[in-house]
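Dear colleague,

I am passing on the structure we discussed. Please look through it alongside the notes that follow.

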Amino acid sequence: METIYALSTAPGRAGVAVLRVSGAHAVPALEALTGAGVPPPRAASLRRFIDPETQAPIDRGLAIFFPAPASFTGEDVVELHLHGGRAVVAGVLAALARLPGLRAAAPGEFTRRAFENGKLDLTEVEGLADLIEAETEAQRLQALRQMEGALGKLYEGWRARLLRALAYAEAEIDFPDEEVPGDLIAKLGPEIARLQSEIGAHLDDGRRGELLRDGIEVAIVGPPNVGKSSLLNRLAGREAAIVADEAGTTRDVLEVRLDIGGVPVTLADTAGLREAIGTVEREGVRRALARAEKADLRLVVAAPDAGDFALARAGDIKVLNKIDLGAEPPPGVIGVSAATGAGLEALEAALKARVGSAFEASEHPVITRARHREGLAECAAALARAGQGSDADLVAEDLRLAARALGRITGRVDVEELLDVIFRDFCIGK
Ligand code: GDP
């Protein structure tokens with residue numbers, strides 16, 4: 001396998017830039033780049049970095065050596081902490097490129113190697129990706145938990161139990177005359193039912209994890225001129241939408257990203273819902289309706305002089321804007337004034353309560369991707385069939401499918417394990 005290298009910090013000017021090299025040639029590369037011996041493992045050592053051909057100095061910085069297998073990728077890894085200047089980074093990258101057995105890493109290649117060397121399972125890889133993408137506190141926590149293996153452990157735990165059940169079913173098939181109880185399949189029933197209910201409960205999570213990853217969509221809906229754009233601006237705390245006196249100026253869907261109680265929220269101001277005259281406006285209304293339809297939460301806005309809550313459905317937050325004009329909000333409606341800022345706190349609190357309640361801190365790790373949900377659904381379906389079956393061959397096949405569906409989520413499908421389980425639990429053949 002080739003040795004790979006890449007700049008691991010963001011490109012551009014910075015105080016420090018970190019370069020990583022992974023593979024069998026990492027140590028020779030470090031020796032060539034420093035003209036010195038390998039530093040002690042896992043300790044930051046001050047080094048002068050030189051051009052291996054001309055011996056000309058490039059920079060002075062730290063070198064850290066992580067010997068295999070105790071490294072991120074599982075291979076020998078060398079980290080170079082350089083000064084984050086463009087010429088410094090370019091100089092070291094060019095020097096690395098000229099060394100034998102080294103090439104620039106492809107995107108995600110370090111993590112790919114970590115997975116292939118069993119350092120991370122697929123859910124941990126995804127958690128790491130999410131952690132790097134995380135914009136809010138709640139996203140960060142969810143990603144960190146997943147990166148630390150909470151989801152992977154849950155699935156591997158279920159898979160281990162499935163493999164054990166499968167081992168019993170296999171034993172029934174392969175060794176019918178051995179000292180194995182004859183009613184194995186009947187005995188598997190309760191365990192299959194337990195697994196079904198645990199996986200069912202995990203699937204029935206209101207898509208919390210996926211929502212948190214993607215962010216919550218909140219649509220502001222209502223007829224023109226009730227002050228939707230003004231409200232969005234107020235909530236965003238900045239001028240994000242165009243506010244004008246003329247009806248129908250919000251021609252498209254405008255959106256701002258907000259952090260509400262640690263949850264990323266996309267607040268979309270939609271074009272006024274009314275009979276559109278111009279084609280541009282009609283398109284805007286169509287998009288607005290589509291957007292409002294798929295939003296996770298809707299703020300239905302009316303004003304004393306326009307609109308009502310006829311559009312509002314159960315679960316919508318109803319807002320009466322322009323209370324500065326002297327109107328009282330009816331019960332169940334939050335009165336605000338985008339002009340004066342009155343009532344904004346109550347609206348923000350309502351938003352926070354609604355958004356936050358979807359993410360009540362749970363002891364259990366949650367599904368964060370459609371990929372997990374699909375695998376789990378496949379697993380649950382196979383389990384349901386296994387629970388109904390009485391023929392050992394068919395039950396075994398369904399259990400195998402169920403285990404494989406989970407194994408695909410973590411990326412650890414391995415038939416050898418099945419044999420291990422059989423021999424550990426049964427001592428067949430003695
Ligand atoms: P939209 O069409 O629903 O997006 O409404 P806009 O935000 O464009 O506002 C329409 C008009 O109402 C503008 O002239 C705003 O200045 C005015 N407006 C918005 N909010 C308030 C408010 O709270 N009080 C008063 N008096 N006028 C407002």
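How many residues lie between β8 and β9 in the hairpin they form, and which residue in the turn has a positive phi? There are 2 residues between the strands, and Gly261 is the one in the turn, with a phi of about 55 degrees. Please note that this is a predicted model. β8 covers residues 254-260 and β9 residues 263-269; they pair in the antiparallel sense over 7 bridges. Opposite Leu254 stands Asp269 of β9.

There is also an open sheet of 6 strands, in the order β3-β4-β5-β2-β1-β6, with mixed pairing. At its edges stand β3 (45-50) and β6 (102-104); each has a single partner strand, so one side of each is left without a neighbour in the sheet. From one strand to the next the twist averages 30 degrees. β3 and β4 (residues 57-66) run antiparallel and are joined by 6 bridges, with Ala63 in β4 as the bridge partner of Ser45.

Two helices lie across strands of this sheet. Helix α1 (residues 26-34) lies across β1, β2, β3, β4, β5 and β6, at about 75 degrees to β3. Helix α3 (residues 109-116) lies across β1, β2 and β6, at about 135 degrees to β1.

On side chains, the structure holds 1 aromatic pair. The ring centres of Tyr155 and Trp158 are 5.9 Å apart and the planes are at 25 degrees, so the pair is stacked. Both residues lie in helix α6 (residues 150-174), 3 residues apart. Tyr155 is buried, at 0% relative accessible area, and Trp158 is buried at 5%. Separately, Arg20 lies over the face of Phe110, 4.8 Å from the ring centre.

Regards

Note on methods
Residues are numbered from 1 along each chain as its sequence is written. This is a predicted model: local features need pLDDT of at least 70, side-chain atom pairs count only at pLDDT 80 or more; totals for chains, interfaces and linings use all residues. Side-chain values use heavy atoms; hydrogens and water are left out. Two strands pair if DSSP finds at least two bridges between them. Helices (H or I, at least four residues) and strands (E, at least two) are DSSP runs, numbered from the N terminus. Rings of Phe, Tyr and Trp (its six-membered ring) pair if their centres lie within 6.5 Å; planes under 30 degrees apart count as stacked, over 60 as edge-to-face and the rest as tilted. Buried means under 20% relative accessible area, exposed over 50%, partly exposed in between (1.4 Å probe, protein chains only). A charge sits over a ring if NZ of Lys or CZ of Arg is within 6 Å of the ring centre and within 35 degrees of the ring normal. Axes are lines fitted to C-alpha atoms, for helices over the stretch in contact, and angles run from 0 to 180 degrees between N-to-C directions. Contact means heavy atoms within 4.5 Å.
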